[in-house]
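Trainee: I have the coordinates open and would like to walk through them with you. Could we begin with how some of the helices pack?

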Amino acid sequence: MNADGPADRIENPWGERTPYGRGEAWPVRVDTHLADGIEPGEVERWAVSASLLHSNGDAMDIAVNEERIVGVRGRSQDRVNHGRLDVKDLYGWQANSSPDRLTTPLVRRDGALVPTNWDTAMSAIVGQTRDLLSERGPSSISFYTTGQLFLEEYYTLGLIAHGGIGTAHLDGNTRLCTATAAESLKESFGCDGQPGSYADIDHADVVALFGHNVAETQTVLWMRILDRLAGPDPPSIVCVDPRLTPVARAATVHLAPRPGTNVALMNALLHEIIENGWYDEAYVQAHTVGFGELAQTVRDYPPEHAAEITGVPAERIRAAARLLGTTERLVSTVLQGFYQSHQATAAAVQVNNVHLIRGMLGRPGAGVLQMNGQPTAENTREAGADGDLPGFRNWSNDSHIADLARVWNLDTMQIPHYAPPTHVMQMMRYAEEGSIRFMWITGTNPAVSLPELARIRSILGDDRLFVVAQDIFHTETCQLADVVLPAATWGEKTGTFTNTDRTVHLSEKAVEPPGDARADLDIFLDFAHRMEFTDKDGAPLIRWTDPESAFEAWKVCSAGRPCDYTGLSYDRLRDGGIQWPCTSTDSPGTERLYADGQFFADPDYCESYGRDLITGAPFEEIDYRAMNPYGRAIIRAAGYQPAHEPPTEEYPFSLITGRTIFHFHTRTKTARAPELQSAAPEVWVEMSAADAADIGADDGDMVEITTARSAVQARLRVGGIRDGVVFLPFHYGYWDTPGGYQPDGAGRAANELTLTDWDPPSKQPIFKTAAANVRRVRDREERQVRP
């Protein structure tokens, strides 16, 4: 189909149905959208790529005419999307040609950002870095990156930070969306890496979505589920979400728990599965450790008790447990409703436990997907740009440090491994205290996306902290920077990226970037050259010069590790996505992990020895070896703990934040696509009809949401959310408001309200359990309401 106008895919974001039955191939449907006045025959060439504005990894071709991007087309032969595209992909490419792109470097002079050239900007960065290394050492330097660069760029950045500078202060904004995905996989399987495959949807009898509004976050995956629902033998759907989302409306069983109670709910589901004997005892005994502790823990969570905690009726818990416990083919997905809530890792691990005790892994229709939130979130973790070591090596295993030192030709002591890597929330605290004096921020906008924004603005604006912001638009974060570097983006550079189910895609350069903007890889290579980083033999530390040679270097680093890329090449990837591990040039890739019941959990091979699910304290190697000497999957139990900020008389509601289908992150790209911006131009807040009536508000009224930290005003949408909960999308900042880059009066960024708190094991910030109040401010006609 061709998305000729907003009526087609704004009004119906999931497009037309192509039904199919269990075990059948998902039919092809090619989505295309071209600029007005461009006919398909006028496209001069198509460049291979995949999606940037979500994490599904949908393959596409970029249309080029007269050296400009003029549209996109889904790739029919690709395993991920069979030609379909997300609504954000259909229209979002228009942001590339926005007239307000950053095209020249900026430096701060006398309090103002002024244009300069690349040599001046890079000299300022290098000079500041050298001074701080001399005066304060590597721990004064930090890097905070994104989930939207390419693998080659992350690997280069990780080598610069860990091997060149020698700092442990490196993290990605993937910390905000899917750090818990990685941590939960490490806890259960000893290592990151998704066990399942998108193709499992084709075979499943039950699809369970835990805190995952797939209809708005991965719309093409939802299309796949909708097509199964429209065909013969449709799967049952279990949805866990406090909102009545499109997924909840389609669900066989919808569980709407109170925010922060996911562990109690999961324990009740596991209680029923074990109590009714619906688990695979032979699989548990042969392939896992820890079942006894789980059985003992969940014994205290019968459905009636869980109902008191979660607000979910006991009969619904039993109905969901019966579906999970009796199906022959179960697919589970998990996302922000678990990851950004209280006890995030503990809750996500319990989903893994459902699959482990039922033996639902490694075969068609049986798999778990701990979902990602960004297009290259998986690459930050694989390549070590989230602070972890590249290739899923273990920070606590000396042999892994030695192996990485071999790959990089460094002495082991040059790679910081004296403590766990520093997560961004801790980096901000160190900057606040004054020990971090330099922060290089690439492709992300923490002045809108991190919790408690007044505090973040104060930290980034502190004269003691030298901030470099590398981006494609002038964001709220750029406004606080000392140096701003204009970057190229998707379609203007070449590299690879890997989606949730481990599918690697190539994205080729289609057009030149605007003005003097440069690819992120070129910026990092320039910095490394100017810093004169060397290996232990005095040769340049970074020996690659372009994306393909960086990819070949990464393959060497990945060899023998779980995310092995050695069988991949740019030439192979031009034909379509391939799943890792791929260890030879004739390998088709690996559709599912753990098909043989063998895990990446061997003590000598695993990425992590695990953490306490309540405190986050790391376990020691000796304890892990005693518990799991043969590398089996680990069943970890956790009891429910109340949230840190429950509702009170002053703040009687639970505030949760999240995404809306038409925007991505802080709207720097999607708001510059007219169709997407017109579909969701302003921030809004969702309340139940009963709660709206209690505060005397109607749909469309302006209301003010307050927490102990700040206040935000938004238009009210009365919806199917559970009573006592309010939902606020986090996309809206200030760059396109009359007040400029900070709130002028009432705020509109959801993170003005959120609290500085994080999950102890994964260090992921908690965006979904803030106590809030709501009052009506103006009616829909903009008339002021008396207090």
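Mentor: Keeping in mind that this is a predicted model, start with helix 9 (residues 262–275) and helix 12 (residues 303–310), which pack at an angle of about 165° with their axes 9 Å apart.

Trainee: How are helix 9 and helix 12 oriented to each other, parallel or antiparallel?

Mentor: Angles over 145 degrees count as roughly antiparallel, and helix 9 and helix 12 are therefore roughly antiparallel to each other. Their crossing is left-handed.

Trainee: Which residues make the contact of helix 9 and helix 12?

Mentor: From helix 9 the contact takes Ala264, Leu265, Ala268, His271 and Glu272, and from helix 12 it takes Pro303, Ala306, Ile309 and Thr310. Sorted by class, the contact of helix 9 with helix 12 has six nonpolar, two polar and one charged residues.

Trainee: And what about helix 5 and helix 15, at what angle do they pack?

Mentor: Helix 5 (residues 179–189) packs against helix 15 (residues 344–358) at an angle of about 50°, and the axes of the two are 9 Å apart. Helix 5 and helix 15 are therefore oblique to each other, and the crossing of this pair is right-handed. On the helix 5 side the contact is made by Thr180, Glu183, Ser184, Leu185, Glu187, Ser188 and Phe189, while helix 15 contributes Ala344, Thr345, Ala348, Val349, Asn352 and Leu356.

Trainee: How many polar residues are in the contact of helix 5 with helix 15?

Mentor: The contact of helix 5 with helix 15 has five polar residues, next to six nonpolar and two charged ones.

Trainee: One more pair, then: how do helix 4 and helix 22 pack?

Mentor: Helix 4 (residues 151–165) and helix 22 (residues 547–558) pack at an angle of about 65°, again with an axis separation of 9 Å. That makes helix 4 roughly perpendicular to helix 22, and their crossing is left-handed. Leu151, Glu152 and Tyr155 of helix 4 meet Pro547, Ala550, Phe551, Ala553, Trp554 and Cys557 of helix 22, and the residues of this contact divide into eight nonpolar, no polar and one charged.

Trainee: What is Leu728 in contact with, beyond its neighbours within four places in sequence?

Mentor: With those neighbours left aside, Leu728 is in contact with Leu655, Ile656, Thr657, Gly658, Val683, Trp684, Val685, Ile705, Val712, Ala714, Ala750 and Leu753.

Trainee: I also wanted to check the backbone; where is there a cis peptide bond?

Mentor: A cis peptide bond joins Trp580 and Pro581, with omega at about -5°. Pro581 lies in the loop between strand 20 (578–579) and helix 24 (621–627).

Trainee: Which residues other than glycine have a positive phi?

Mentor: Glu66 is one of them, with phi near 55°, and Asp233 is another, with a positive phi of about 50°. Glu66 lies in the loop between strand 3 (59–65) and strand 4 (68–74), whereas Asp233 lies in the loop between helix 7 (219–230) and strand 10 (236–240).

Key
Residues numbered from 1 in each chain as written. Predicted model: local features only at pLDDT ≥ 70, side-chain atom pairs only at ≥ 80, totals over all residues. Heavy atoms only, no water. Axes fitted to C-alpha atoms, helices over the stretch in contact; angles between N-to-C directions. Helix = DSSP H or I, 4+ residues; strand = E, 2+ residues; numbered from the N terminus. Parallel < 35°, antiparallel > 145°, perpendicular 65-115°, else oblique. Left-handed = near helix turned anticlockwise from the far one by under 90°. Contact = heavy atoms within 4.5 Å. Nonpolar A, V, L, I, M, F, W, Y, C, P; charged D, E, K, R; others polar.
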